[in-house]
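Have the viewer open as you read.

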Amino acid sequence: MKRSVKAVVVTAVAMALGGVGTSVNAATLYDEEGTQFDIYGRLAMGVAGGGPGVDSAGQKVSDSAEFVDVYSRLGFRLSQRISNDVSAFGRLEWRFTGDERNTEQGFNEIRQSYLGLKSERYGTVQAGNFDSLYYQFVSAPFDVYLDRGLEFSSTGLQSRGDAIGYYTPTLNGFTTFLQVKHYSERGLTDAEQRREGSVC
């Protein structure tokens, strides 16, 4: 049963959302001699309620209000200046469920985990597990989130994991990018594998 979100954010403690194109309000833990280490995150809660009073089989179900987590997360960012033009960077971010007592695991998902090099002259290259560059530069600014509802653009295959991306420095207000992602089926049984197998 899908529920409608009556009040999307009841309380939100947001230090930053992170990512390209968003304002960054992280708490800096260390910043000295070209090395910077930040922590950021958000605790976001909502109230879900309403929706149909019966399920698809016609059985009566509860449609009462309850607290729900609205994509809470915690992350770390690290950057190290290598020269006047080149710096190395990395990021590690988890998603957790803030509305439930979860004793099985502390976090539900590793959202971002990547390393890269940035040059004001030559551009940026990064590798690992990250949101697609298309999402960061094109789709995200237009997305309207309604508890996994309306989105400007969406794909069936997630871009996170086993990816390499490059984007140019800003040239007269424009940036171009290229990303390659490997969709591996290693470790899956024949029944779990897709028809096309491992693809890029």
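## Ground rules

This is a predicted model, so local features need pLDDT of at least 70 and side-chain atom pairs count only at pLDDT 80 or more, while totals for chains, interfaces and linings use all residues. Residues are numbered from 1 along each chain as its sequence is written, and side-chain values use heavy atoms, with hydrogens and water left out.

## Salt bridges

The structure holds 3 salt bridges, where a salt bridge is a side-chain nitrogen of Lys or Arg within 4 Å of a carboxyl oxygen of Asp or Glu. Let's start with E93. Its side chain meets that of R91 at 2.7 Å, N to O, and E93 also forms a salt bridge with R111, with the closest N and O atoms 2.2 Å apart. Strands here are DSSP runs of E with at least two residues, numbered from the N terminus.

How buried are these residues?

The remaining pair is R95 and E109, at 3.0 Å, N to O. This one also links distant parts of the chain, with R95 in β6 and E109 in β7, 14 residues apart. R95 counts as buried because its relative accessible area is 17%, whereas E109 is partly exposed at 27%. Salt bridges that share partners join R91, E93 and R111 into one network.

Who else touches R95? Leaving aside its neighbours within four places in sequence, R95 is in contact with Y71, S72, R73, F107, N108, E109 and R111; contact means heavy atoms within 4.5 Å.

## The nonpolar core

In soluble globular proteins, nonpolar side chains tend to be buried together. Here the largest nonpolar core has 6 residues: F89, Y114, F130, L133, A163 and Y167. The term covers buried Ala, Val, Leu, Ile, Met, Phe, Trp, Tyr and Cys residues joined through side-chain atoms within 4.5 Å. Beyond its neighbours within four places in sequence, F89 has contacts that include L78, Y114, L117 and V125.

Strand β9 (residues 163–167) has a covered face made of A163, G165 and Y167, and an uncovered one made of I164 and Y166.

Strands pair if DSSP finds at least two bridges between them. β9 runs antiparallel to strand β8 (residues 123–129), with 5 bridges joining them, and V125 stands opposite Y166 in β9. Another 5 bridges join β9 to strand β10 (residues 177–181), again antiparallel; there, I164 has V180 as its bridge partner.

## The surface patch

Which residues form a nonpolar patch on the surface? They are I82, L117, V125, I164 and Y166, with about 440 Å² of accessible area together. Patches take residues with over 30% relative accessible area and no salt bridge, joining like charges within 9 Å and nonpolar side chains (Val, Leu, Ile, Met, Phe, Trp, Tyr) within 5 Å. The areas come from the Shrake-Rupley method with a 1.4 Å probe, and for residues only the protein chains shown count as cover.

L117 is found in β7 (residues 109–119) and is partly exposed, at 41% relative accessible area.

Terms used: Helix = DSSP H or I, 4+ residues; strand = E, 2+ residues; numbered from the N terminus. Buried < 20%, exposed > 50% of the residue type's maximum accessible area, 1.4 Å probe, protein only.
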